[in-house]
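Student: Could you take me on a close look at one part of this protein, the strand pairing and the salt bridges around it? I'd like to see how that part sits in the whole thing.

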Amino acid sequence: MASSKIKKGDTVQVITGKDKGKTGEVLEVKDGKVLVKGIGIVKKHQKPTQANPKGGRVEQEAFIDASNVMYVYKDKPTRIGFKLVEGSNGKKNKVRIAKSTGEEIDG
């Protein structure tokens, strides 16, 4: 699988679905899906355990498809691209850039 444009710790905005317009931090990226803090909340029925003796229904975040979120750069959602830049060791390094401004996201 190609390298993901969205990474753990990024701030993203949901562009479609029931949580459209909400922003949050990416907690995990897995198989083209992202887990965003406070977004995609679902109720899960849990059996009683030693940690949770009562059991019951718990609310937790669910994975949403990475195509349904956009990276937020300088408080605006933007697409992400890649660019090769010359590194300090003479090798070319692949960095993410914000398509709206052309600036490097991480360096």
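This is a predicted model: local features need pLDDT of at least 70, side-chain atom pairs count only at pLDDT 80 or more; totals for chains, interfaces and linings use all residues.

Tutor: Let's start with the overall secondary structure: the protein has 0 helices and 10 strands, where helices (H or I, at least four residues) and strands (E, at least two) are DSSP runs, numbered from the N terminus.

Residues are numbered from 1 along each chain as its sequence is written, and side-chain values use heavy atoms, with hydrogens and water left out.

Now for the sheet. Six strands make an open sheet in the order β6-β3-β2-β1-β7-β8, with antiparallel pairing; two strands pair if DSSP finds at least two bridges between them. At the edges stand β6 and β8, each with a single partner strand, so one side of each is left without a neighbour in the sheet.

Zoom in on β2 (residues 23-30) and β3: they run antiparallel and are joined by 4 bridges. Val26 stands opposite Val36 in β3, and Lys30 has Lys33 in β3 as its bridge partner. This hairpin has 2 residues between the strands, and Asp31 takes a positive phi near 50° there. Thr23 also belongs to β2. The C-alpha atoms of Thr23 and Lys37 are 8.8 Å apart in space, with the two residues 14 apart in sequence. Leaving aside neighbours within four places in sequence, Thr23 is in contact (heavy atoms within 4.5 Å) with Val12, Gln13, Ile39 and Val72.

Next, step from β3 across to β6. These two run antiparallel as well, with 2 bridges joining them. Here Lys33 turns up again, with Asp65 in β6 as its bridge partner. Lys33 and Asp65 also form a salt bridge, their closest N and O atoms being 4.0 Å apart. Asp65 lies in strand β6 (residues 64-65) and Lys33 in strand β3, so the pair ties together parts that are 32 residues apart in sequence. Asp65 counts as partly exposed at 32% relative accessibility, and Lys33 is partly exposed too, at 36%. For those words, buried means under 20% relative accessible area, exposed over 50%, and partly exposed in between (1.4 Å probe, protein chains only).

What's behind a salt bridge? Side chains of opposite charge can pair when their charged atoms come close. The rule used here asks for a side-chain nitrogen of Lys or Arg within 4 Å of a carboxyl oxygen of Asp or Glu, and by this rule the count comes to 5. Another one of them joins Asp10 and Arg96, at 2.8 Å from N to O. Asp10 sits in the segment before β1 and Arg96 in strand β10 (residues 92-98), 86 residues apart. Asp10 counts as buried at 8% relative accessibility, and Arg96 counts as buried at 4%. Compare Lys74 and Glu103, whose side chains meet at 3.2 Å, N to O. Lys74 counts as exposed at 58% relative accessibility, while Glu103 is partly exposed at 31%.

Finally, look at the nonpolar core, meaning a set of buried Ala, Val, Leu, Ile, Met, Phe, Trp, Tyr and Cys residues joined through side-chain atoms within 4.5 Å. The largest one has 14 residues, and Ile6, Val34, Ile64 and Val69 touch the most other members. The elements giving it two or more residues are β1 (11-14), β3 (33-36) and β7 (69-73), and β7 gives the most, with 3 residues. Beyond its neighbours within four places in sequence, Ile6 is in contact with residues including Val26, Val34 and Arg96. That brings back Val26, which stands opposite Val36, and Arg96, the salt-bridge partner of Asp10.
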